[in-house]
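Good morning. I have a few minutes on one protein chain, so please look at the screen.

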Amino acid sequence: MAIDVSASMLAKDLKPNRLDALKNVADEFIKNRISDRIGLVEYAGESYTKTPLTTDKSITLRSLRDIKYNNIIEGGTAIGMGLATSVNRIKDSKAKSCLLYTLRAHETVLDLVCRLLLEKKNILQPTYLNFYT
């Protein structure tokens, strides 16, 4: 899961704010996965792996709860960096298929461009890696 932690996620159009609303949805999603390996990537102006792929839901959920906006990560919304970091974590997986969720407040033209680039590079294939926003 690639999670947007940029300043725009502090907007209060969702309650209590975009980031906390996103974390609530992600928490429920993770709890409902039976045996999937899930990892977390945070991104703003840059990205990094928060949690590597694991089946240990307690680790993933604890890491998810610890995610917050801070000014340590460079400002901006570099979804391409978040996607690149995420794809690097799953590209060598032996799984039959993979899902990549970008968790952010809204889809932009940049999201669509990133998807098209991943498809062009054959990283996104309908039978292997599926991309959701």
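Predicted model: local features only at pLDDT ≥ 70, side-chain atom pairs only at ≥ 80, totals over all residues.

Residues are numbered from 1 along each chain as its sequence is written, and side-chain values use heavy atoms, with hydrogens and water left out.

The protein chain has four helices and five strands, taken as DSSP runs numbered from the N terminus (helices H or I, at least four residues; strands E, at least two). Read from the N terminus, the order is β-α-β-β-α-α-β-α-β. Of the 133 residues, 41% are buried, meaning under 20% relative accessible area with a 1.4 Å probe, protein chains only.

Now Ser63, which sits in helix H2, residues 57-66. Why does Ser63 count as buried? Because its relative accessibility is 14%. Leaving out residues up to four places away in sequence, Ser63 touches Leu40, Lys50 and Thr51; contact means heavy atoms within 4.5 Å. Ser63 and Leu40 are 23 residues apart along the chain, and their C-alpha atoms are separated by 7.9 Å.

A cavity is a set of points on a 1 Å grid over the protein atoms alone where a 1.4 Å probe fits but cannot get out, and lining residues have an atom within 4 Å of a point. How many cavities of 30 Å³ or more are there? The count is one. Residues lining the largest cavity include Ile30, Asp36 and Lys57.

Methods:
1 Å grid on protein atoms, 1.4 Å probe; cavity = no way out; pocket = protein on both sides within 12 Å on 5 of 7 lines; lining within 4 Å. Points joined across faces, edges and corners; volume = space filled by probe spheres on them. Buried < 20%, exposed > 50% of the residue type's maximum accessible area, 1.4 Å probe, protein only.
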